[in-house]
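Student: Please take me through one part of this model closely. I would like the strand pairing first, then its surroundings.

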Amino acid sequence: MAAAGAGLDADGFSTLKVEERDDRLVVLLNRPEVRNAIDQHMVDELHLVCAYLEQTPKVLIIAGTDGVFASGADIGQLRERRRDDALQGINSTIFVRIAKLPLPVIAALDGYCLGGGAELAYAADFRIGTPDVRIGNPETGLGILAAAGASWRLKELVGEAVAKEILLAGAVLRAERALAVNLITEIHEAPELMAAAHALADRIARQDPLAVRITKAVFHAPAESHPLIDQLAQGILFESQAKFDRMQAFLDKKPGKKSAATTSERK
């Protein structure tokens, strides 16, 4: 769907709305008739988005439509899935792929963010929301488990006690509680949510893209790979032209600094 050297052609998408800018991609989950429930077709289209961003790294902002992020996986499809479907990891595979995208992913959450929708949000690097956010994993109430990342990723985000409250007792967190446990980091009124997401993307864009990309990879590296991976990554960045240019620009802005040309002229 995306030609080499061209932007993402999203005209064929039916479950996503896509807006591409020079440094970011905005993806809106768009199945309002089922509160943006994640079905196989949406998963397939998200794979196309990931394939593009893996080749053309950009910040990804992902949000929902009609005041809902995603109400979960499509229960109609989920009801019919059997053992072999579970072993394929249909949702977990795409969420892992989103988490591993080269540049950061921002999830802008409004309304229901449940089940698979919550697991999609957990895969993002940043989660911001509105006062109407309702986030949690009600899977055990449906006779299944949250198998697309929540069972291991949620504990890393909020700690074991809160993760068990969500996963084992079906707790659905409102915005203020989600903020208190660091599941989201900002609350904005719904009309300002996307502007806040873009402001965060702007802050990321002011950093060196290669440094951001390598820092994200190092951050998610296994514990046993540190500190060696940090040193190797730093070795790569120490040789980048951006490092020299950005550090020189910083030095040139220091108060009272005389340029080399000015100093030599006075001799």
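Tutor: Strand β4 (residues 105-109) and strand β6 (residues 126-129) pair in the parallel sense, over four bridges. Strands here are DSSP runs of E with at least two residues, and helices are runs of H or I with at least four residues, numbered from the N terminus. Two strands count as paired if DSSP finds at least two bridges between them. In general, strands of a sheet pair through backbone hydrogen bonds, either parallel or antiparallel.

This is a predicted model, in which local features need pLDDT of at least 70 and side-chain atom pairs count only at pLDDT 80 or more, while totals for chains, interfaces and linings use all residues. Residues are numbered from 1 along each chain as its sequence is written, and side-chain values use heavy atoms, with hydrogens and water left out.

Now the sheet around that pair. β4 and β6 belong to an open sheet of six strands, in the order β1-β2-β3-β4-β6-β9. Its pairing is mixed. The edges are β1 (16-20) and β9 (186-187), each of which pairs on one side only.

A helix covers part of this sheet. Helix α9 (residues 193-205) lies across β2 (24-29), β3 (59-63), β4, β6 and β9. It runs at about 165° to β4. Angles run from 0 to 180 degrees between N-to-C directions, with axes as lines fitted to C-alpha atoms, for helices over the stretch in contact. Contact means heavy atoms within 4.5 Å.

There is also an open sheet of three strands, ordered β5-β7-β8, with mixed pairing. Its edge strands are β5 (112-114) and β8 (172-174), each pairing on one side only. The twist averages 15° from one strand to the next. Strand β7 (residues 134-136) pairs with β8 in the antiparallel sense, over three bridges. There, Gly 136 has Val 172 of β8 as its bridge partner.

Finally, the whole chain. The protein chain has 13 helices and nine strands. Its C-alpha trace spans about 80 × 45 × 40 Å along the principal axes. Of the 267 residues, 41% are buried, meaning under 20% relative accessible area with a 1.4 Å probe, protein chains only (exposed is over 50%, partly exposed in between). Among contacts between residues at least 6 apart in sequence, 67% join residues at least 24 apart.
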